[in-house]
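Trainee: I have a model open and want to learn how to read its features. Where do we begin?

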Amino acid sequence: MIIRIAPEHPVSSSEVTPEWAYLNRRQWLGHTTVAASAVLGLGTTLPAQASTPGTRSLKASPSAVPGAMAMDKLTPLKDVTSYNNFYEFGMDKEDPAKRSSAFVTEPWTLRVEGLVGKPLTLGLDDVLRLAPLEERIYRMRCVEAWSMVIPWVGYSLSKLIERAQPLGSAKFVAFESAADPKTMPGVASSVIDWPYLEGLRLDEAMHPLTLLGLGLYGQTLPKQNGAPVRLVVPWKYGFKSAKSLVRIRLVEQQPPTAWGRAAPKEYGFYSNVNPEVDHPRWSQAKERRIGEDGLFAKPRKTLMFNGYANEVGQMYAGLDLRRFY
Ligand SMILES: Nc1nc2c(c(=O)[nH]1)N[C@H]1C(S)=C(S)[C@@H](COP(=O)(O)O)O[C@H]1N2
Ligand SMILES: [Mo]
């Protein structure tokens, strides 16, 4: 039996070592040193990552959500912030970092509406304060067969949705991203019928692993990663994780999605990471880890539901995942 002794003074969140700092340090220094520095309470002094322009530091505690931590090596911040898909800023991977400087993320308004008892109109500070911020290390797996491992900051989307008091008739959740032609140069292109839309079934949206993302690497979200607030759905392909959210709407019918409208044969509503169901243009069996696997390195195997099968598999019991891809 473990006897827990209450600490003499509560540990403030600034003294809690973020999980990524812990993992990085472990990779750098080895177990013994880490144990020692943890005992000494040295905190997050490691200059592992420089901060990104326009971001502020964001304190978070390691998440208690099971399965939230992938033990893979973290993708360096430099790669997380320079290799992005965010078509509102252009179609090349470098575009979001290069072409997002005019985009304004504060002040920001996020609405939660539709089939709810209590519609919400929230400023960014309201969103940041709605629930304790957690750090969660998730793999982000793009349908283009690359992946990253990112220490996100946020909390379960369910906490926000619960606050709005969903009605019994709500079955799906629709997500809408910002689409400002003045500050988002990619919106001039017609590849996507703007604004970018995504959707989840209500049970998927309420699953504790579904994260309302507010930061990464201990700082607020860089613009290229979907500032100031985005979705992160770790068992689905990256495109389900809509960035720069302005509206979350609870609805009765399955909502349209941007990629579903652009290419219905290629992008299904579910888009669960599934190594057995290929995209017409990319095999989904393997993936290349950005910043780690060179172009000629052997790609790693993609895991069912991106490694979260134990946590989310039950939601799809009896569903033909070839048909509902
Ligand atoms: N609004 C919006 N959200 C978006 C996208 C986009 O183009 N626009 N791209 C998606 C895709 S395809 C991926 S892989 C992830 C990439 O997130 P990251 O750049 O933070 O890794 O964002 C997703 N969310
Ligand atoms: Mo993607």
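Mentor: With the rings. This is a predicted model. By the ring-centre rule, the count comes to 13 aromatic pairs.

Trainee: Take F89 and F103. How are their planes set, and what is the distance centre to centre?

Mentor: Planes over 60 degrees apart count as edge-to-face. F89 and F103 have 70° between their planes, so the pair is edge-to-face. Their centres are 5.5 Å apart.

Trainee: Which parts of the chain does that pair link?

Mentor: Distant ones, 14 residues apart. F89 is in the loop between α3 (77–80) and α4 (95–98). F103 is in the loop between α4 and β2 (109–114).

Trainee: Now the ligand. Which residues come nearest to ligand 1?

Mentor: There are 17 residues around ligand 1. N84, Y87, E88, R230 and K243 come nearest.

Trainee: How does that shell divide by class?

Mentor: Eight residues are nonpolar, six are polar and three are charged.

Trainee: And polar contacts? What should I look for?

Mentor: Look for N or O atom pairs within 3.5 Å. Start with the nitrogen atoms of the ligand. A polar side-chain atom of E88 lies 2.8 Å from a nitrogen atom of ligand 1. For N85 the backbone takes part: one of its N or O atoms is 3.1 Å from a ligand nitrogen.

Trainee: What about R230 and an oxygen atom of ligand 1?

Mentor: There the distance is 2.6 Å, to an N or O atom in the R230 side chain.

Trainee: How much of the accessible area of ligand 1 does the protein cover?

Mentor: On its own, ligand 1 has 540 Å² of accessible area, and the protein covers 98% of that.

Trainee: Which pocket holds ligand 1?

Mentor: The largest pocket.

Trainee: What is the phi of Q165?

Mentor: Positive, about 55°, although Q165 is not a glycine. Q165 lies in the loop between α6 (157–163) and β6.

Terms used: Residues numbered from 1 in each chain as written. Chains lettered and ligands numbered in written order. Predicted model: local features only at pLDDT ≥ 70, side-chain atom pairs only at ≥ 80, totals over all residues. Heavy atoms only, no water. Near = heavy atom within 4 Å. Polar contact = N/O pair within 3.5 Å; in protein donor to acceptor, adjacent residues only side chain to side chain. Areas by Shrake-Rupley, 256 points an atom, 1.4 Å probe, with all protein chains shown as cover. 1 Å grid on protein atoms, 1.4 Å probe; cavity = no way out; pocket = protein on both sides within 12 Å on 5 of 7 lines; lining within 4 Å. Sits in = over half its atoms within 2 Å of the grid points. Nonpolar A, V, L, I, M, F, W, Y, C, P; charged D, E, K, R; others polar. Phe/Tyr/Trp six-rings, centres within 6.5 Å; stacked < 30°, edge-to-face > 60°. Helix = DSSP H or I, 4+ residues; strand = E, 2+ residues; numbered from the N terminus.
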